[in-house]
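Visitor: I am new to this structure and would like to learn how to read the packing inside it. Could we go through it together, one feature after another?

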Amino acid sequence: MLAPYPVEDQADVWTPELVMERMVEAFETLRRVPASVGPKAFGNGWPAVIHDLADMIHWEPGKEPRRLPPSLAQITRMEEALAWPSQILADQPLAADALNLWAMCKAWGRSIDGVLQGRAKEAAEIARVVEREINQRRGIERKTAAGEVAAWANLKLAAADGDRVERIRANAVIRLERELAKKGLVSAVVIVKPAECSPDKVISRTSLDRWRFVGAQVIAEALTR
C-alpha cells in the first residue's frame, strides 16, 4: 500500500505532468541528501534502481557542490515519489526505468542522450558476444546434423546404382532440411539485437520518451483512484 501524501498533493486528479514534476523534485532532493545521511548506499529504504542509475551516470556525492540539506518533509516527499516506479510500475520495468532515468538526468543536469548512447554501446557489445556464442554453437550443431545425414547417404550410396544414386542425393538434401528445421537451425546465422540484451532498460531516446509518458500516466491514474 502506498504511503500517505502531503496535504498539498491531495489533488482530485493527478496528471502525468504532475507526476514527472514530483519525480524531478525527488531527484533534486536526493542530490542534496548528505552522503553520510539516509540509507547507506541507497540501501533497503530506497529502490535499488536509484543506486543503479546513480552508478550509471557516475554520481559522486563527495564531489557534489555544497547545498543546504533537505528538510524532513522534503525527504518524505522524495521517498514517496521515488517509490512510485517500483511500487506502481513493478510489471512495467521499461516504464519505471525510463521515468527514473529521465527525472534523474533532468534533476542532476546530466545528458540524457549521453547516458543512452553509453547504454546502447554496452548493449551492442553484449549482443555481439552473445551472437558470436550462439552462432558458434549453431555452426557445430549444423555441422553435426549434416554429418549424420551424410553418413546415412553414404551407406545408401554404397549399395546403389543407376537412377537410385540421384534419388538418394535428393533425399539427403530433403532429410538435412528437415533435420535443420526440427532443431531450429534453418538460418545459418542468428542476429542478436542490442535491445534483446537489455530487456528492462531503455537504450534509445524514442523508447525513453514513449515509456516515461506511459509510466507517468499509469502512476497518475493509480494516485487518482
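Visitor: Leaving aside its neighbours within four places in sequence, which residues is Ile219 in contact with?

Guide: This is a predicted model, where local features need pLDDT of at least 70, side-chain atom pairs count only at pLDDT 80 or more, and totals for chains, interfaces and linings use all residues. Residues are numbered from 1 along each chain as its sequence is written, and side-chain values use heavy atoms, with hydrogens and water left out. Contact means heavy atoms within 4.5 Å, and with those sequence neighbours set aside Ile219 touches Val19, Trp84, Pro85, Ile88, Leu89 and Leu99.

Visitor: How many residues has the largest nonpolar core?

Guide: In soluble globular proteins, nonpolar side chains tend to be buried together. A nonpolar core is a set of buried Ala, Val, Leu, Ile, Met, Phe, Trp, Tyr and Cys residues joined through side-chain atoms within 4.5 Å, buried meaning under 20% relative accessible area (1.4 Å probe, protein chains only). Here the largest has 38 residues, and Ile219 is among those with the most contacts inside it, as are Val19 and Phe27. The helix α4 gives the most to this core, with 11 residues, helices being DSSP runs of H or I, at least four residues, numbered from the N terminus.

Visitor: At what angle do α1 and α4 pack?

Guide: Axes are lines fitted to C-alpha atoms over the stretch in contact, and angles run from 0 to 180 degrees between N-to-C directions. Helix α1 (residues 16-32) and helix α4 (residues 93-108) pack at about 55°, their axes 8 Å apart.

Note on methods
Helix = DSSP H or I, 4+ residues; strand = E, 2+ residues; numbered from the N terminus. Buried < 20%, exposed > 50% of the residue type's maximum accessible area, 1.4 Å probe, protein only.
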